[in-house]
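The entries follow in the order in which I looked things up.

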Amino acid sequence: MRESTAVAVTEDFAVHTVRCTDHRPGWSEPESFTAHRIVLVRVGRFRMRSRHGRAVIDPTMGYAEAPGGEGRFAHPAGGDVCTAITLSPGLWRGSAGMVRVGARADVAHRLLLRAGPDVGYETAERLLGLLVHLALDDTGRIRRALVDEAREAIVSDHPQAAALVPLARLLEVSPSHLSRTFRRETGMSVTRFRNRIRVGRALDRIEQGERDLAGLAGDLGFADHAHLTRTIKEETGHPPTALRRLLASR
């Protein structure tokens, strides 16, 4: 029996926690793969058999599926808890088969599951970081002009700059290239840059006397009032209420 819980779902990727309570030493019937998916184990282990051979799937070894393939599974050690990451064809890099999970990928996996409510940027960047460590990311070089175009799209509120993957699609590059190059060129992540712009706008409104923080959060694209407050405090060191007093004191 399997129970799947959504962690993050967008049109470009989805992350689910999957709990399996099977205790079946023998092989299951063949299961068809219908999507580009990476499966990583958090707790437990199981066996898998596919055209790539047999393998024990545990926290050090995952597997990647592609449409048209199939696999058989056995659970001689009992249940397990996995993370299933479904990718759109545009995000898929690499091929189906076994995936080695090193210590850095393990950390990136854990951080992905701890991502906050900013699915379009924070979760997307953590996912792309994980793909890099799994060696499932594409390679290449993006010029400085690309970063400038990304910044301009974010500052000008281009509709496709509402999330990282559509922004990369607008710029006709890989999201992972955009993410890595942006950090290398600016010293901050795309998420941090976007938050810096939004916090600056929030400060303008607060300085002008804005008191409806829930409305302000909605206007600036934050998930909710708490997300706005947390981000402002992270960026400035002060919560909005303290900033209101500070900026009004002059």
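**Backbone after helix 4**

I looked at the end of helix 4 and found that Glu172, just after this helix, takes a positive phi of about 60°. Helices here are DSSP runs of H or I with at least four residues, strands are runs of E with at least two, and both are numbered from the N terminus. This is a predicted model, in which local features need pLDDT of at least 70, side-chain atom pairs count only at pLDDT 80 or more, and totals for chains, interfaces and linings use all residues. Residues are numbered from 1 along each chain as its sequence is written, and side-chain values use heavy atoms, with hydrogens and water left out.

Glu172 is not a glycine, although its phi is positive. Most residues other than glycine have a negative phi. I placed Glu172 in the loop between helix 4 and helix 5 (175-186). Is Glu172 buried or exposed? Glu172 is exposed, with a relative accessible area of 71%. My cut-offs were under 20% relative accessible area for buried, over 50% for exposed and partly exposed in between, using a 1.4 Å probe and protein chains only.

I noted Asp157 as well, a residue other than glycine with a positive phi near 60°. Asp157 sits in the loop between helix 3 (144-155) and helix 4.

**Helix 4 itself**

I checked burial along helix 4 (residues 164-171): 6 of its 8 residues are buried, so this helix is largely enclosed by the rest of the structure. The buried ones are Leu164, Val165, Pro166, Leu167, Ala168 and Leu171.

**Overall figures**

I counted 9 helices and 10 strands in the protein. The C-alpha trace spans about 75 × 40 × 30 Å along its principal axes. Of the 250 residues, 45% are buried. I then took contacts, meaning heavy atoms within 4.5 Å. Among contacts with a separation of 6 or more, 71% join residues 24 or more positions apart.

**Core**

I looked up the largest nonpolar core, which has 38 residues. Such a core is a set of buried Ala, Val, Leu, Ile, Met, Phe, Trp, Tyr and Cys residues joined through side-chain atoms within 4.5 Å. Phe13, Ile38, Leu87 and Leu167 have the most contacts inside this core. Helix 2 (residues 119-133) gives the most to this core, with 6 residues.

I followed Leu87 further. Leaving aside neighbours within four places in sequence, Leu87 touches Asp12, Phe13, His36, Ile38, Trp92, Leu127 and Leu131.

**Helix 2 against helix 6**

I took the axes of helix 2 and helix 6, which come within 9 Å and cross at roughly 160°. That makes helix 2 roughly antiparallel to helix 6. Axes are lines fitted to C-alpha atoms, for helices over the stretch in contact, and angles run from 0 to 180 degrees between N-to-C directions. Angles under 35 degrees count as roughly parallel, over 145 as roughly antiparallel, 65 to 115 as roughly perpendicular and the rest as oblique.

Which residues make the contact? I found Tyr121, Glu122 and Glu125 of helix 2 and Val190, Thr191 and Arg194 of helix 6. By class, they are 2 nonpolar, 1 polar and 3 charged.

**Val190**

Val190 belongs to helix 6 and is buried, with a relative accessible area of 0%. I listed its contacts beyond four places in sequence: Tyr121, Glu125, Ile154, Leu164, Leu167, Leu178, Ser179 and Phe182. From Val190 to Leu178 I have 12 residues in sequence and 8.4 Å in space, C-alpha to C-alpha.

**Helix 6 against helix 9**

I found helix 6 (residues 190-207) and helix 9 (residues 240-248) packed at an angle of about 55°, with their axes 9 Å apart. That makes helix 6 oblique to helix 9. The contact involves Leu203, Ile206 and Glu207 of helix 6 and Pro240, Leu243, Arg244 and Leu247 of helix 9. I sorted these residues into 5 nonpolar, no polar and 2 charged.

**Pro25**

I ended with Pro25, in the loop between strand 2 (13-20) and strand 3 (31-32). Pro25 is exposed, with a relative accessible area of 55%. Beyond four places in sequence, Pro25 is in contact with Ala74, His75 and Pro76.

Note on methods:
Nonpolar A, V, L, I, M, F, W, Y, C, P; charged D, E, K, R; others polar.
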